[in-house]
Amino acid sequence: MKKIGIVLILTLIINSTFAQKKICYQYDAGAAMREHNLDFERMRLSVEFEPEKGLVKGKITHFFTPIRATVDSFFLDGPGINIKEAKLNGKDIKYKTDVNGISFFPDKTLKWGEKDSLAIIYEATPRKGLYFIGWNDPNNLSRKQIWSQGQGIDNRHWFPCYDTPNDKLLTEVYVKFNKDYKVLSNGVKVIEKETKDGNKLWHYKMNHPHQSYLVMLGIGKYEIKESKSKSGVPMYSWYYPEWKNRVEWTYKYNEKIFDFLESEIGVPYQWETYSQIPVQDFMFGAMENTTATLFGDFFCADSRGYNDRNYVAVNAHELAHQWFGDFVSARSGNSHWLQESFATHYNVLAERECFGQDHFDWQRRQAGIAAINVQDKKSISHSETSSTLIYQKGSQVLEMLKYIVGREGYNKSVKRYLLAHKYDNVDSDDLLNAFQDELGYGLEWFWDEWVYRGGEPIYNVAFDDFTQTDGKHISQFMVTQTQAVSDISGLFKMPIAFEVYYTDGTKDSKTEWIEKESHVVKISNQSNKKIDFVLFDPNSEVMKTVTFNKSFEMLTAQALRAPKMIDRYDAVLAMRKISPPQKKIVLTEVYNKNTFHAIKSEAAAQLLEDKSEESIQLVKKALTDADVQVRKAILMSTKSIEPNLLSDYEKLLLDSSYQTIVTALEKLCNNFPENTQKYLDITKGIEGTNGRNVICKWLEIAAAASNNDKKHINQLVAFTSNSYEFITRGNAMNALRKLNYIDETMVNNCIEACLSSNGRLAGPANETIKYFYAQTQFKKLISETIKKRNSKNW
């Protein structure tokens with residue numbers, strides 16, 4: 001437990017005795033629980049597919065009990081579901097379909113206490129919820145997969161169900177499919193056997209209830225790496241057979257993350273197994289389906305790709321959801337933060353275990369910046385708040401709660417919360433009650449500020465040191481809260497630490513509750529020591545915006561001697577306004593004394609435009625730094641390349657980061673066009689990340705250098721087709737826009753992409769069509785190509 005927690009716990013009892021504040025909400029339609037008249041207890045789903053047609057053939061049986069005295073009709077979500085047969089308790093039941101689903105009308109009124117079952121035979125051709133990947137690729141180059149994405153309410157498109165989070169049920173799934181493929185679903189695999197018709201039957205079964213949106217399916221050609229957690233939970237890491245060399249990097253720290261989360265959360269993993277499966281063209285990052293996380297195969301990295309984008313944080317995030325979201329689940333939209341904020345919080349904690357404290361503090365800072373930059377300051381408990389607030393801000397709200405009550409008190413309260421609501425639904429007050437019941441003091445003020453209201457504090461801080469008339473030497477902080485105050489966001493009450501460091505290496509500190517518009521905090525300097533630097537909220541424990549002007553001398557001392565990385569970084573960042581001649585020696589010393597990439601990158605980047613020998617040498621150090629993130633950052637910050645450093649920039653063409661290779665290739669060719677062929681020769685044959693970022697950039701530059709040579713153009717056009725995954729297609733479209741090239745094949749590829757359910761493909765395709773259609777020379781080509789297409793009615 002942090003030392004500050006001891007002080008705060010002692011003062012919390014006093015500070016929580018005031019009358020409970022009125023909770024102020026914005027109107028939130030999503031806060032209301034969806035009404036329903038049945039409790040769905042169990043679901044048995046059997047499916048077959050005609051993947052070339054995108055067709056689902058299914059039979060689903062729902063087992064339920066009425067939760068009203070009488071029920072004369074009920075409704076299942078199922079837009080576009082074609083019902084072939086429906087039977088209630090073995091007898092035909094009347095039903096009526098509309099655009100949203102199916103209404104059922106029993107001949108006999110259903111009553112409390114009865115156990116009923118509804119069996120439905122149906123067909124569906126979903127455009128949401130279940131995705132058929134690669135089956136319409138005319139070149140037969142794409143992977144062929146079927147996979148689901150149920151959150152928020154999309155599973156209803158491939159099987160009829162009560163598709164809302166406020167009900168949980170046991171599920172089992174039977175899948176009949178081609179025996180050359182592998183199938184994954186939720187829970188324990190009960191059966192995998194060949195059928196008489198040459199296919200295979202898989203049967204998966206859940207032994208504990210979960211929500212319908214978490215039902216998943218993943219079908220494709222895979223191999224599986226098996227391992228176990230320290231607690232004995234079987235772990236299955238699925239991968240593409242041809243990407244065996246990526247398994248180590250994709251699932252790096254896999255078991256360590258699992259073991260850490262079980263230990264840190266304090267509640268054992270509550271399911272029998274855990275699987276992870278990559279899929280092509282996934283529209284998000286990953287999805288925490290119960291026992292079976294599905295994630296985008298763009299996270300499947302080799303040793304170079306790992307340095308650009310790795311799966312570690314997402315791995316931890318989705319695993320944390322197995323507790324926060326799957327085991328204990330939000331009742332309605334305004335409780336969604338209880339899932340995403342917790343998952344993000346624990347993924348950052350797991351990252352600390354893997355990458356260290358500085359990385360953890362840096363992630364906290366990035367989360368704070370992201371949240372502060374959101375303009376619509378809804379509370380994290382509003383169902384329509386932005387994902388940035390639910391994920392990043394919410395994770396830091398939990399970290400601040402831990403700062404208030406201490407790590408031990410936080411962990412004990414979270415454990416109480418989870419065990420009190422096993423396999424159940426919760427809302428924000430359930431978490432508050434767990435903390436209050438476990439620790440014995442009120443935290444309504446914290447919920448009021450950080451959960452039910454929006455915004456963040458903005459502090460203006462000034463410092464002075466002086467001698468009082470009685471001869472006492474005083475260090476004085478003047479703190480003002482300057483954020484706008486409204487019903488949605490008010491003044492914040494938080495404990496803030498103040499520290500004064502002296503040149504002899506000692507310090508004085510004080511923690512005070514800052515809650516009024518203005519505060520004056522005094523720290524006695526009894527020995528009249530010389531002040532080196534001062535800190536307001538050291539290590540940035542409170543999410544905030546702060547203005548605190550300091551002299552260059554104080555910033556220098558802070559940058560060189562502050563104990564915490566974030567405080568040293570803040571001092572370096574504040575030097576941006578200072579001229580290079582004044583700061584270059586200091587920044588060089590800062591660079592040499594620090595190991596964390598953010599500080600080193602910031603120090604070197606501030607001297608990029610300075611032509612003095614000292615600055616050039618520091619930039620050279622950054623370009624050749626052992627840390628790939630330093631090299632990447634300094635290259636990204638480079639506007640023009642200093643000729644004396646040309647050879648150092650050229651070495652980056654074979655860097656251990658694909659993104660660095662792409663950026664180096666582009667910047668070197670722009671700055672030294674006469675060397676373009678040389679640079680193309682060096683990077684020839686490097687494909688890059690899963691989105692082929694290097695080869696797409698290579699083809700773009702090669703085509704431009706050869707006056708749109710058809711060989712290079714044709715390959716880029718081919719990359720825009722559905723033979724390739726969405727990132728490659730987007731990269732190729734972007735390259736062709738820069739080359740200002742489009743033909744009939746590319747128009748067809750882009751139109752097909754515009755209709756994709758994956759917005760990360762449809763968006764770039766839409767922009768590409770708009771870009772070319774805005775040019776008179778291409779309007780006729782695009783219009784006539786579209787007219788030729790045999791489009792479906794939808």
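This is a predicted model: local features need pLDDT of at least 70, side-chain atom pairs count only at pLDDT 80 or more; totals for chains, interfaces and linings use all residues.
How many salt bridges does a search of the whole structure find? The search finds 42.

**Salt bridges**

Begin by selecting Asp-163 and Arg-156. Their side chains form a salt bridge, with 3.1 Å from N to O, and both residues are buried.

Next, select Lys-176 and Asp-197, which are joined by a salt bridge whose closest N and O atoms are 2.5 Å apart. Lys-176 belongs to strand β13 (residues 170-178), while Asp-197 sits in the loop between β15 (188-194) and β16 (199-205); the two are 21 residues apart. Lys-176 is partly exposed, at a relative accessible area of 23%, and Asp-197 is likewise partly exposed, at 44%.

Proceed to Glu-264 and Arg-407, where the closest N and O atoms of a salt bridge are 2.4 Å apart. Because Glu-264 lies in helix α3 (residues 254-265) and Arg-407 in helix α8 (residues 407-420), the pair ties together parts that are 143 residues apart in sequence. Glu-264 has 4% relative accessibility and counts as buried, whereas Arg-407, at 37%, counts as partly exposed.

**Aromatic residues**

The whole structure contains 52 aromatic pairs. Select Tyr-251 and Tyr-311, an edge-to-face pair with 6.2 Å centre to centre and 90° between the planes. Both tyrosines are buried. Then select Phe-327 and Tyr-423, also an edge-to-face pair, with 4.9 Å centre to centre and 85° between the planes. Phe-327 lies in the loop between α4 and β23 (328-330) and Tyr-423 in the loop between α8 and β24 (424-426), so this pair ties together parts 96 residues apart in sequence.

Two charged residues may be viewed over rings: Arg-246 lies over the face of Trp-243, at 3.8 Å from the ring centre, and Lys-493 lies over the face of Trp-513, at 5.1 Å from the ring centre.

**Helix α14**

Finally, select residues 597-605, which make up helix α14. Why is this helix largely enclosed by the rest of the structure? The reason is that 7 of its 9 residues are buried, including Ala-598, Ile-599 and Lys-600. To see their surroundings, display α6 (357-372), α12 (565-573), α13 (580-593), α15 (613-623) and α16 (628-637), against which the buried residues of α14 pack.

Technical notes: Residues are numbered from 1 along each chain as its sequence is written. Side-chain values use heavy atoms; hydrogens and water are left out. Buried means under 20% relative accessible area, exposed over 50%, partly exposed in between (1.4 Å probe, protein chains only). Helices (H or I, at least four residues) and strands (E, at least two) are DSSP runs, numbered from the N terminus. Contact means heavy atoms within 4.5 Å. A salt bridge is a side-chain nitrogen of Lys or Arg within 4 Å of a carboxyl oxygen of Asp or Glu. Rings of Phe, Tyr and Trp (its six-membered ring) pair if their centres lie within 6.5 Å; planes under 30 degrees apart count as stacked, over 60 as edge-to-face and the rest as tilted. A charge sits over a ring if NZ of Lys or CZ of Arg is within 6 Å of the ring centre and within 35 degrees of the ring normal.
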